[in-house]
Amino acid sequence: SYIELERNEHYWNNAETSIDRVMHFVTVQPMAELNRYRAGELDVTRTIPPEAFAQMRKERPAEVRASPSLAVYYYGFNMTKAPFADNRKLRQALSMAIDRETIASKVLGRGEAPAYSWVPPGTENYSQRRFSYAGAETSARQQTARQLYQEAGYSADNPLEVEIRYNTSDTHQLIALAVQSMWRDVLGVQATLINEEFQVLVDNIRRQEVTQVFRLNWVGDYNDAHNFLSVLESDNPFNLTGYRSEEYDSLMQRAAMQADPARRQIFMEEAEQVMLADHPLMPIYFYINRSMVQPRVQGWGDNLLNYHYSQHLSLTAEN
């Protein structure tokens, strides 16, 4: 039920370490964790339940710590089969018909940022590439989406029928419902929602037999654009869309051969631009790190990876 850590007096920087003991409690339900925090039993929470985020911002604004995260939420296409294999215009039309601002601000409403790129903002030694239509007005994007949809071979008389698969979660369902509605209203797409347990979803995605559009996320474990871009190389086992591009692979290989960080960055940025133009996936939003931190905790520093070492923290005296 908990992990208890004691200070190591033999640590090389022991003189600069303040906290003698740390208790990490295993809490499955985020709301239970928040309730313990509000009761004064916890100094820090790992997250903030979505349903309580607005309330905490209102009641305890100084204790809410929200910052950009090295993670992206996306919808992927099965690029190995019809209707998405060899139909870039259809993929782009579906992407352009999604109102990411509405999803981020109204469906979620917890500070998430709309995603028009694959690599999250703030990634070190990298300048974000974005979809060409990222700055366009909603009405202009929708008009172009309808034109591309027709050029892809679909219309009101011949609507696209597609399945969206997502794993069991209220948030995933709300986003799927929003995307379903946007595709119907803008393009006339008839989307069916399929809710699966996570392992079933992943198994179906890997088999690439029945899955058409699927929801997943990618969370970086080190702060470098390669952590995201390598996922879409043809031979990467985590490339769940089945995307294959000789140009993309070549740019990534050239980036890997560079000893000069500036040249490496250029090749990776070019690779992302190539991939975004191909539309093998649809980034929806970038996550944020969310925690409650008691005022007595000192030394907490927001960061993309959300790492907070107890050796860097201290506690002020209780009132």
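Figure 1. The model is predicted; local features need pLDDT of at least 70, side-chain atom pairs count only at pLDDT 80 or more, and totals for chains, interfaces and linings use all residues. Residues are numbered from 1 along each chain as its sequence is written, and side-chain values use heavy atoms, with hydrogens and water left out. A salt bridge is a side-chain nitrogen of Lys or Arg within 4 Å of a carboxyl oxygen of Asp or Glu. Arg-296 sits in the loop between strand E8 (281-292) and strand E9 (297-298), and Asp-43 in the loop between helix H1 (30-38) and helix H2 (53-59), so the pair ties together parts 253 residues apart in sequence. Helices (H or I, at least four residues) and strands (E, at least two) are DSSP runs, numbered from the N terminus. Asp-43 is also partly exposed, at 26%.

**Figure 2. Arg-21 and Glu-4 form a salt bridge between two strands**. The closest N and O atoms are 3.7 Å apart. Arg-21 belongs to strand E2 (residues 21-25) and Glu-4 to strand E1 (residues 2-6), 17 residues apart. Arg-21 is partly exposed, with a relative accessible area of 48%. Glu-4 is partly exposed too, at 38%.

**Figure 3. Glu-112 and Arg-110 form a buried salt bridge**. Their closest N and O atoms lie 2.8 Å apart. Glu-112 has a relative accessible area of 6%. For Arg-110 the value is 5%. Shared partners join Arg-110, Glu-112 and Arg-290 into one salt-bridge network. The model holds 17 salt bridges by this rule.

**Figure 4. Helix H6 covers residues 170-187**. Buried residues of H6 include His-172, Gln-180, Met-182 and Trp-183. At the start of H6, a side-chain oxygen of Ser-169 comes to within 3.3 Å of the backbone nitrogen of Thr-171. Just after H6, Gly-188 adopts a positive phi of about 85°.

Conventions:
Buried < 20%, exposed > 50% of the residue type's maximum accessible area, 1.4 Å probe, protein only. Expected span 1.5 Å × (residues − 1). Polar contact = N/O pair within 3.5 Å; in protein donor to acceptor, adjacent residues only side chain to side chain.
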